[in-house]
Amino acid sequence: MNGRSDILETPIEYVKGIGPSRGDMLRKELGIHTIQDLLFAFPFRYIDRTTFYLIKDLTGEGDSIQLKGTLISLEKIKGKNQRTRLTGMLKDSTGFLELVWFQGASWLEKTLVVGEEYIVFGKMSVFGGKKTMAHPEMELMSEAGTAMSKTFDPVYSSTEKLDAKGIDSKSRRKILRPLLLSLQEYDLAETLPPYLVKQLHFCTRLEAMRWIHFPENEKQREQAGNRIKFEEFFYVQLRLLQSKQYRQFKYKSVPFLKVGDIFHTFYQHKLPFALTDAQKKVIKEIRGDLAQPRQMNRLLQGDVGSGKTIVALLTMLLAIDNGFQCCLMAPTEILAQQHYASIKELLGDLLVEVAFLSGSVKGKKRQIVLDGLGDGKINIVIGTHALLEDPVNFAHLGLAIVDEQHRFGVAQRARLWKKNDQFVPHVLVMTATPIPRTLAMTLYGDLDVSVIDSLPPGRKEIKTIHKYESARPQLIQFMHAEIAKGRQIYIVYPLIEESEKLDLQNLNDGYERLLQYFPQPNFQISVVHGRMKAAEKDWEMQRFIERKTQIMVATTVIEVGVNVPNASVMIIENTERFGLSQLHQLRGRVGRGAEQSYCILMSDTKLSKESRERIATMVRTNNGFDIAEADLRLRGPGDIQGTQQSGVIDFKLLQINKDQGIMQIARQIALDIMSKDPLLDLSEHVNIRQTVIKLRQKFKDWGRIS
Ligand code: ADP
Ligand code: MG
């Protein structure tokens, strides 16, 4: 029994049809070591063998389709530049279809036989009014046993080397089909409790495996897919929830039980505005965390301008009331300074000692801050990553707040924790990058998330307008009018990493052109780009902040957090070259004052479908979460901030942007199980416990967010 149950661990060279040399290739090229690996290398598409199309029914360009016909001619043609192509003509009872291959012409010419009947699979296109299929897969009718049985044939991802070795989809089908038939139910032991399998109407694991590779119909494929996707996500969620449980057990902290004088005085006498309901809700959540004897580890998401700073300050005041120090770390000097200035202003004459620390604070000034932190006189320190350095020691750090968390690495953030050697400080991480709910659930399933989902009242919605180059003269007029009203304007140029030089030229050209319409000395223009030294950049930004310049021409370096409430116009050049979340971040630079603000998206008239949709989304909505959802839909999760390194979204079958229904169910069930049976002790959960143990050996610790 035992030997048999390990059959999935069998090295692949022992599988019939593979052998040592092919086994070696599979290991090297695809990381397939065992039968288990082979089974879990799912097909990425299927050839629909259930339907044969007729040539006369082929209309436009479309999906991949299957045809049946006789190859009536084959001809090698030498094109320009000595490139050879092979063309063939396929005939069925209804018409003719041209086939063409640009690669492998000689080899194909040798293997294809004129006069034979073939099953042809590929993508149809219309070329000069003629129906053509480029690079079709050809299978001799006489050899296509599977085609006769009308199934879906799996197609697997491969590599050039594998294909050259003859390990293509066809041969993998030949290996997998008998293998799957030889496996028994007990070889693929159940990983879910029977009650769940029943409740969710799942097929068995063996069925899932057979049907995902060789479905006889769409329904089988869907059933198999559902079960496999569920398990992928369910076990990720379970692991995240377990690691949260573990963290809460391991990282003890000191509860902040007192709501004292400082908090009260501030709340009752200094608060410059009424908090929004969203802010109140978040503060309540934070207070709930802080009252526990374990570390708070909370992510605060809120769109730009949603009012995160005041939440951060109130949290810090709670810490101070309980006798602890706090730090607030921001990713840039300018941001840190802005936090420092606004927090000083908010506190007014309240007896709270606030200090600033960055790389630019040197000598005696620096020593005073370090001493104040060491002897506990300073209550709040605001700064850059300079706060992480070794000489920075606290008497009793109780709370660390990190702004724009994605700008810091995990390791950097972890250093903050170590600044207290008796217990770990509570951690609040703030971000203005909205993460779609579904993605947050995947990435941060072990983290508590608070969301400020509405803006403070009285804010005028930013008007977003899409314009083409032809509207440039009106744009200049508009800019003049806004400047005459005393407003300031940003103009942002894209930054492509491959061609920094070109970008710079782009920006410089724009600047030169601008000078003609906004000549000195009546007008002043700041320029900021990535190639400038930090000090130069700061100086230019400072001039803009102090209203010494009316226009700021920049690359995306201004994206993060800069607050100039008087700037009310954001002009984005070459909008088509920006991603959605970046556009949204940029737009967030305006709309911070009382004035009506504008975001003008300049673009080329030739736009891809995706660019068009991105721009339309920007024009349609100001809501960061809507935009994040749209972004996820358009691009998939791959490019979304913070996901690349995490490895959390590395699913084989599940697609985060498409399988949200399954994800929600799996998440809920994982939550229910963990709350009912946190240690997975119940006998009904024995399958789950064993699977978790197996997986734990496979995956090392999951990245923490803070
Ligand atoms: P962000 O979330 O981008 O950090 P801030 O905390 O900088 O936003 O707040 C943006 C602006 O809104 C600030 O000028 C702040 O004073 C103001 N603000 C914050 N909360 C409120 C509120 N409840 N009512 C009115 N204005 C608010
Ligand atoms: Mg902020």
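Two strands pair if DSSP finds at least two bridges between them. Keep that in mind for the first stop. One caution before we go: this is a predicted model.

Start with strands E15 and E20. E20 covers residues 598-603. Six bridges join E15 to E20, and the two run parallel. Take one bridge as an example. Threonine 464 has cysteine 599 in E20 as its bridge partner.

Now step back to the whole sheet. In what order do the six strands lie? The order is E15-E20-E19-E16-E18-E17. The sheet is open, and the pairing is parallel. Which strands stand at the edges? They are E15, residues 463-468, and E17, residues 525-528. Each has a single partner strand, so one side of each is left without a neighbour in the sheet. From one strand to the next, the twist averages 20°.

Next, the helices. Helix H20, residues 534-545, packs on this sheet. Then look at helix H21, residues 580-587. H21 lies across E15, E16, E19 and E20. Its angle to E19 is about 155°.

E4 spans residues 95-101, and E6 spans residues 130-140. Three bridges join E4 to E6, and these strands run parallel. Leucine 99 has methionine 133 in E6 as its bridge partner. What about E5, residues 117-127: does E5 pair with E6 in the parallel or the antiparallel sense? The sense is antiparallel, over nine bridges. In E6, glutamate 139 is the bridge partner of isoleucine 119. E5 and E6 form a hairpin with two residues between the strands. There, glycine 128 takes a positive phi near 55°.

Last stop: ligand 1. There are 15 residues around ligand 1. Which come nearest? Gln279, Gly305, Lys308, Thr309 and Arg459 do. By class, the shell has five nonpolar, six polar and four charged residues.

Now the atoms. The side chain of glutamine 279 has an N or O atom 2.9 Å from a nitrogen atom of ligand 1. For threonine 309, a side-chain N or O atom is 2.7 Å from an oxygen atom of the ligand. Serine 306 uses its backbone: an N or O atom there lies 3.5 Å from a ligand oxygen atom. How much of the ligand's accessible area does the protein cover? On its own, ligand 1 has 560 Å², and the protein covers 74% of that.

Definitions and conventions:
Residues are numbered from 1 along each chain as its sequence is written. Chains are lettered from A and ligands numbered from 1 in the order in which they are written. This is a predicted model: local features need pLDDT of at least 70, side-chain atom pairs count only at pLDDT 80 or more; totals for chains, interfaces and linings use all residues. Side-chain values use heavy atoms; hydrogens and water are left out. A residue is near a molecule or strand if one of its heavy atoms lies within 4 Å of it. A polar contact is a pair of N or O atoms within 3.5 Å; within protein, one must be able to donate a hydrogen and the other to accept it, and residues adjacent in sequence count only if both atoms are side-chain atoms. Accessible areas come from the Shrake-Rupley method with a 1.4 Å probe; for residues, only the protein chains shown count as cover. Ala, Val, Leu, Ile, Met, Phe, Trp, Tyr, Cys and Pro count as nonpolar, Asp, Glu, Lys and Arg as charged, and the others, Gly among them, as polar. Helices (H or I, at least four residues) and strands (E, at least two) are DSSP runs, numbered from the N terminus. Axes are lines fitted to C-alpha atoms, for helices over the stretch in contact, and angles run from 0 to 180 degrees between N-to-C directions. Contact means heavy atoms within 4.5 Å.
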